[in-house]
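The following paragraphs lead the reader through a structure. Please keep the sequence and the model in view while reading.

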Amino acid sequence: MALHEYECPACGGAMEFNPKTQKIKCPYCDSEFDVKDYVANHNSNSTGTPAGETSSQTTTEDNQPLYVYKCGSCAGEILATESLGSMKCPFCSNNVVVSEKFTGEFKPDFIIPFKHTKDDAEKTYRNFVKSKKLVPKVFLDENHIDEIKGVYVPFWLFNATESFSGTYEGTKVRTWSDSKYIYTETKYYDVQRVGTEDFENVPVDGSKEMPDDLMESLEPFDKSAMVPFNMGYLAGFLANKYNVDASNSRQRAIDRMKASVVDDFKDTIKGYSSLRKISENVATRSSAYKYALYPVYVLNTTWKEKNYLFAMNGQTGKFVGNLPCSKSRAMAYYFPIAGVISLISFLVYFFFL
Ligand SMILES: [Zn+2]
Ligand SMILES: [Zn+2]
């Protein structure tokens, strides 16, 4: 596997994508380059030697295999799960991207680059916690806030045409009275709706670790800011390749479309006193998909054995917080693991070689 690193041509520092300027920037000497130009002109295939799949003893607590990569800048070992493809070296903060996770069958068609910085995410988080009177102080601990991570989350974007036919029984009720009687007149109508609706870019996250409800609550993302994928946007952020493929994500997208087709057609029926469904049929005529990475800031934390999850849409700044998170263990594997094993092997390397 080949590692991409983003060395500053001026000072050798680790370059990062800057959400404010949308350029790739060196935090040490402030050199700044256009993402496409930088990636095209600087062959960043690192001198780092990536190790292959690791032996069976290097696994997470529940036996997920871990991959070991050797940092090209400090030779420290970086441990990561199978799907993690962009990370920071835990020893020297060098930004490392594993090319194979984002090329070939894993090459995203598009990416929405981060628009908000980590500082923005921290500020929003602080304000959110302060506004909740009952949230314990520990949530404002600086070390803790530092755990907020910028992550590119893999998304499948589905396009489809749904055809709809529905029949309903509508009623119109009129009442009036004279001196003797109250009259009620009920007219019955046969109401029909037939048509098609086109959907574009309905997102479904392609990640086992990311809770689906969380990802849906961060929507919408502004797809007009979507650009063709370039590895340079990943510099300084975590990024995962998909581990749920398009065919397994399709049904969730189709279900979401079907639900809104029914609502959209029903919304066009107006003026009746009551409406009773007789039949509703939705069929998918055609569908296609694209693969994209979306920007999300995440803080996943445990306090008094309860899990808390905070996340911010890295493009729009929409913030969702305090969601009870049932998948916190899985979420933990979304991040690189600077494990004890790697620290020890690094120290051994450092002191004895
Ligand atoms: Zn520099
Ligand atoms: Zn390093």
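Why does the arrangement of the four donor atoms around the zinc ion (ligand 1) count as tetrahedral? The angles that these donor atoms subtend are 102 to 115°, which makes the arrangement tetrahedral; the term requires four donors with all angles between 85 and 135 degrees. The model is predicted, with pLDDT of at least 70 needed for local features and 80 or more for side-chain atom pairs, while totals for chains, interfaces and linings use all residues. Residues are numbered from 1 along each chain as its sequence is written, chains are lettered from A and ligands numbered from 1 in the order in which they are written, and side-chain values use heavy atoms, without hydrogens and water.

The protein donors are Cys8 (SG), Cys11 (SG), Cys26 (SG) and Cys29 (SG), lying 2.3 Å from the zinc ion. Donors are N, O and S atoms within 2.8 Å of the metal (3.2 Å for Na, K and Ca); water is not among the atoms, so sites may look incomplete. The spacing of the donor residues in sequence is C-x2-C-x14-C-x2-C. Cys11 belongs to the loop between strand S1 (3-5) and S2, and Cys29 to the loop between S3 and S4, so this pair ties together parts 18 residues apart in sequence. Strands are DSSP runs (E, at least two residues), numbered from the N terminus.

Two strands pair if DSSP finds at least two bridges between them. Strand S3 (residues 23-25) and S4 are joined in the antiparallel sense over two bridges, and Lys25 has Glu32 in S4 as its bridge partner.

Terms used:
Helix = DSSP H or I, 4+ residues; strand = E, 2+ residues; numbered from the N terminus. Tetrahedral: all angles 85-135°; square planar, octahedral: opposite > 155°, others 65-115°.
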